[in-house]
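Dear colleague,

I am handing over the structure below, and I would be grateful if you could read the notes that follow with it open beside you.

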Amino acid sequence: MDMGRESRWEKDAMTVEIVFALVTAAVLAGLFSAVAWTFALALDLSGSAEKHVLVGGALLGAVAGAWRLVRVLLRLDEQRRLGR
């Protein structure tokens, strides 16, 4: 076996993991934004307060999505280096 090259199966598995990371990051970011939007509607906020809650939710969603993406990709890299 050639240790320097990945098989087609390994490349496909990496592609699936990357898509999984992107999709779950987007879902997590959307979930945080939806929670912020629901929170703003439930408290009947308006004007500046509503804008701040929505921006905060979007910011938290972006951070959570990026965290999820990095975490999944680092796990993928660790498993690839261990040969799993």
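Arg 81 is exposed, because its relative accessible area is 64% (exposed means over 50%, buried under 20% and partly exposed in between, with a 1.4 Å probe and protein chains only). Please keep in mind that this is a predicted model, in which local features need pLDDT of at least 70 and side-chain atom pairs count only at pLDDT 80 or more, whereas totals for chains, interfaces and linings use all residues. Residues are numbered from 1 along each chain as its sequence is written, and side-chain values use heavy atoms, with hydrogens and water left out.

Arg 81 belongs to helix α2 (helices are DSSP runs of H or I with at least four residues, strands runs of E with at least two, numbered from the N terminus). Its side chain is joined to that of Asp 77 by a polar contact of 2.8 Å, a term for a pair of N or O atoms within 3.5 Å, where within protein one must be able to donate a hydrogen and the other to accept it, and where residues adjacent in sequence count only if both atoms are side-chain atoms. From Arg 68, Arg 81 is 13 residues away in sequence and 20 Å away in space, C-alpha to C-alpha.

Asp 44 counts as exposed because its relative accessibility is 67%.

Leu 22, finally, lies in helix α1, residues 8-42, and counts as partly exposed because its relative accessibility is 47%.

With kind regards
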